[in-house]
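Reader: Could you walk me through this structure, please? I would like to begin with the metal site and then move on to other topics.

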Amino acid sequence: MIDTFSFTPFPQIFFGEGEFKKLAARLSKKCRKALIVCGGKSLQESGLLTSFKNELSNSQIEHRVVNINSEPSPETIDKIVNDARTFAADTVIAVGGGSVLDAGKAIAAMLPLKDSIIHYLEGIGDKNHPGSTLPFIAVPTTSGTGSEATKNAVITLVGEEGFKKSLRHDNFIPNIAVIDPQLMLTCPEDLTAACGLDTITQLLESYVSIKANPISDALALSALQKVFTSFPVAVNHGNNDLNARADMAYGALISGITLANAGLGVVHGFASSIGGFFDIPHGVVCGSLLPIATETNIKKLSESSDQKHKTLLEKHIKVARLFPATTTLSDVQALQFMIDQFHQWIEMFSIPRFNHYGVTEKDIERIIKTTGIKNNPVPLNSDDLKFILLNRI
Ligand SMILES: [Fe+2]
């Protein structure tokens with residue numbers, strides 16, 4: 001029997017080569033003043049920002065540009081929101097990677113309010129956000145976090161008292177997501193690898209989450225099939241293989257939808273805690289932990305006699321069978337093939353270990369204390385968590 005579930009809506013999606021060029025014309029009747037949120041130099045250097053601004057002008061849309069150069073902090077959001085008030089934008093358009101999309105989403109949600117974002121962050125704020133937001137359009141230029149389809153913006157404060165917390169409301173799901181794989185052709189190799197591994201982790205973790213439902217399952221499997229084939233191609237030939245870029249962009253979009261509806265597992269639990277204490281890119285944390293966390297989950301599920309765990313182990317087998325090379329293998333061999341493939345990818349694409357960012361064995365305890373794993377397919381104790389972390393320090 002199918003268990004009770006609910007499903008949050010999607011943004012309106014425009015997917016495909018050349019869709020970004022059509023955006024300004026699409027907005028011509030709905031938008032008069034657009035605040036464009038974008039990253040550092042790459043959008044400017046490629047000429048894409050200039051073209052987009054020209055297209056907006058041609059559609060009689062006044063615009064102002066603000067830049068986001070790192071994962072957004074409460075201070076960054078507050079400053080941009082305060083500076084942007086006088087412009088009185090009626091729409092926010094974010095064009096960039098996951099941090100830029102999260103920043104744009106937060107700015108759109110904070111412009112209608114008067115006080116600091118810090119009051120509304122999940123787990124630390126003292127107020128509930130009323131859900132008022134400007135229309136928000138997400139245009140990803142990397143394939144990673146899936147922020148173009150989620151209802152939360154991740155806000156980061158790095159340091160001793162650091163955190164990664166979400167500004168979350170059903171109303172924050174972008175109104176429009178424009179997924180144009182052409183925008184991803186210039187994404188560098190290391191970023192493509194880290195973001196791609198984040199996408200793979202999000203798809204796998206939401207598929208084997210204890211909160212998964214039949215719709216998130218169908219979507220996650222369809223995307224995993226594409227990304228398993230296209231991930232290494234996108235990293236190695238990303239500047240000219242539009243098919244691989246399109247598959248990864250599809251995977252990232254779907255991972256946003258599935259994570260918003262099914263939740264995530266231990267890797268993202270760690271991403272939240274480690275990412276608050278240390279300045280480590282989200283995709284690097286996820287990529288780094290994906291192989292050993294998957295291996296640990298599979299081992300624990302295999303040892304359990306619980307029927308729910310058997311079902312979740314079968315779901316892992318189903319994912320492993322998406323690799324064509326597993327057709328002639330036994331279930332156990334297929335699972336091992338998938339684990340080995342994950343390990344091989346992080347070696348092949350030089351995903352750094354955590355000591356590269358200053359994490360030491362002394363930090364393990366405080367990291368574990370702040371790591372949440374409520375949707376992981378199997379309970380893990382502090383020794384399991386320590387084992388996973390030690391493997392990547
Ligand atoms: Fe992620």
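What follows is a chat about the metal site, the cavities and the cysteines of this predicted model.

Reader: Which residues are the protein donors of the iron ion?

Author: The iron ion has Asp-198 (OD), Gln-202 (OE1), His-268 (NE2) and His-282 (NE2) as its protein donors, and they lie 2.1 Å from it. Along the chain, these donors of the iron ion follow the spacing D-x3-Q-x65-H-x13-H.

Reader: And where do Asp-198 and His-282 sit?

Author: Asp-198 belongs to helix 6, which covers residues 189-207, while His-282 belongs to helix 10, which covers residues 282-303, so that the pair, 84 residues apart, links distant parts of the chain. Both Asp-198 and His-282 are buried.

Reader: Why is the arrangement around the iron ion irregular?

Author: The arrangement counts as irregular because the four donor atoms around the iron ion subtend angles of 90 to 150°, whereas a tetrahedral arrangement needs all angles between 85 and 135 degrees.

Reader: Changing topic, how many cavities of 30 Å³ or more does the structure hold?

Author: There are two cavities of 30 Å³ or more in the structure. The largest cavity has a volume of about 80 Å³, and the second largest cavity has a volume of about 60 Å³.

Reader: What lines the largest cavity?

Author: Its lining includes Leu-204, Glu-205, Leu-290, Asn-297 and His-316. Helix 10 gives the most to the lining of the largest cavity, with four residues, and by class that lining has six nonpolar, four polar and one charged residues.

Reader: Which helix gives the most to the lining of the second largest cavity?

Author: For the second largest cavity that is helix 6, which gives three residues to the lining. Among the residues that line the second largest cavity are Thr-192, Cys-195, Gly-196, Arg-245 and Met-248, and by class the lining has five nonpolar, four polar and one charged residues.

Reader: You mentioned a cysteine there, so how many disulfides does a search of the whole structure find?

Author: The search of the whole structure finds zero disulfides. Cys-38 is in no disulfide, and the nearest cysteine sulfur, that of Cys-187, is 16 Å away. Cys-286 is in no disulfide either, with the nearest cysteine sulfur, that of Cys-195, 10 Å away.

Reader: Is Cys-286 buried or exposed?

Author: Cys-286 has a relative accessible area of 0%, which means that this residue is buried. Cys-38 is buried too, with a relative accessible area of 0%.

Notes: Residues are numbered from 1 along each chain as its sequence is written. This is a predicted model: local features need pLDDT of at least 70, side-chain atom pairs count only at pLDDT 80 or more; totals for chains, interfaces and linings use all residues. Side-chain values use heavy atoms; hydrogens and water are left out. A disulfide is a pair of cysteine sulfur atoms within 2.5 Å. Buried means under 20% relative accessible area, exposed over 50%, partly exposed in between (1.4 Å probe, protein chains only). Donors are N, O and S atoms within 2.8 Å of the metal (3.2 Å for Na, K and Ca); water is not among the atoms, so sites may look incomplete. Four donors count as tetrahedral if all angles lie between 85 and 135 degrees; four count as square planar and six as octahedral if opposite donors are over 155 degrees apart and all others between 65 and 115; anything else is irregular. Helices (H or I, at least four residues) and strands (E, at least two) are DSSP runs, numbered from the N terminus. On a 1 Å grid over the protein atoms alone, a cavity is a set of points where a 1.4 Å probe fits but cannot get out, and a pocket is an open set with protein on both sides within 12 Å along at least five of seven lines; lining residues have an atom within 4 Å of a point. Grid points are joined across faces, edges and corners, and a volume is the space filled by probe spheres set on the points. Ala, Val, Leu, Ile, Met, Phe, Trp, Tyr, Cys and Pro count as nonpolar, Asp, Glu, Lys and Arg as charged, and the others, Gly among them, as polar.
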